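Biologist: Let's go through this one together. I'll keep asking what the labels rest on, and you show me the values.

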Amino acid sequence: DELPTFFAEAGWGTISVEKTTKKEAFYILTNNTYSMKVTERNYQLESGFLAEQYQQINGFLTESYAETKVKRELVQLHVKWDTKTIV
């Protein structure tokens, strides 16, 4: 619930849930606060932050990666966790 507020206050942009399943979640990240194009960075910090939050909350090994959608000028963050690997 606090994720969108944190991302906005950190200056990372606006994040919203696109889709969730039993083992993964998809987020959309957009940034209107500065004029940096989505291809000018790799979003590993945001992706890693999301993975760590899910891992802490769920207790399962979690990874995340970012995929830029240039035409739509946004980034999709894909978070996946392994329910068989407890951390």
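Biologist: Which residues in the largest nonpolar core touch the most other members?

Modeller: Before that, the ground rules: this is a predicted model, where local features need pLDDT of at least 70, side-chain atom pairs count only at pLDDT 80 or more, and totals for chains, interfaces and linings use all residues. Residues are numbered from 1 along each chain as its sequence is written, and side-chain values use heavy atoms, with hydrogens and water left out. Now the core: it has 15 residues, and Phe-7, Ile-15, Tyr-27, Leu-29, Leu-50 and Leu-77 touch the most other members. Two or more residues each come from α1 (3-10), β2 (24-30), α2 (44-58) and β4 (74-86). The largest share is that of β4, with four residues.

Biologist: What makes a set of residues a nonpolar core, and what makes a stretch a helix or a strand?

Modeller: A nonpolar core is a set of buried Ala, Val, Leu, Ile, Met, Phe, Trp, Tyr and Cys residues joined through side-chain atoms within 4.5 Å. Helices (H or I, at least four residues) and strands (E, at least two) are DSSP runs, numbered from the N terminus.

Biologist: Why are α1 and α2 called roughly antiparallel?

Modeller: The angle between α1 and α2 is about 150°, and their axes are 13 Å apart. Axes here are lines fitted to C-alpha atoms, for helices over the stretch in contact, and angles run from 0 to 180 degrees between N-to-C directions. Under 35 degrees counts as roughly parallel, over 145 as roughly antiparallel, 65 to 115 as roughly perpendicular and the rest as oblique. So α1 and α2 come out as roughly antiparallel.

Biologist: And which residues make that contact?

Modeller: α1 brings Leu-3, Phe-6 and Phe-7, while α2 brings Glu-46, Phe-49 and Leu-50. By class, that is five nonpolar, no polar and one charged. The classes go like this: Ala, Val, Leu, Ile, Met, Phe, Trp, Tyr, Cys and Pro count as nonpolar, Asp, Glu, Lys and Arg as charged, and the others, Gly among them, as polar.

Biologist: Next, Ser-47 in helix α2. How do you know whether Ser-47 is buried or exposed?

Modeller: Buried means under 20% relative accessible area, exposed over 50%, and partly exposed in between (1.4 Å probe, protein chains only). Ser-47 has 3%, so it is buried. Leaving aside neighbours within four places in sequence, Ser-47 is in contact with Ser-64, Tyr-65, Ala-66 and Leu-77.

Biologist: Gln-55 is in helix α2 too. Why is Gln-55 called buried?

Modeller: Its relative accessible area is 16%, so Gln-55 falls in the buried class. Beyond four places in sequence, Gln-55 touches Phe-60, Leu-61, Thr-62 and Val-87.

Biologist: What stands out about phi in Tyr-43?

Modeller: Tyr-43 has a positive phi of about 60° although it is not a glycine. Most residues other than glycine have a negative phi. Tyr-43 is in the loop between β2 and α2, and at 6% relative accessibility it counts as buried.

Biologist: And what about phi of Glu-73?

Modeller: Glu-73 isn't a glycine either, and its phi is positive, near 55°. Glu-73 sits in the loop between β3 (60-69) and β4. Its relative accessible area is 62%, so Glu-73 is exposed.

Biologist: Why does Lys-23 count as partly exposed?

Modeller: Lys-23 has 46% relative accessibility, so partly exposed is the label. Lys-23 lies in the loop between β1 (14-20) and β2. Lys-23 and Val-79 are 56 residues apart in sequence but 8.5 Å apart in space, C-alpha to C-alpha.

Key
Contact means heavy atoms within 4.5 Å.
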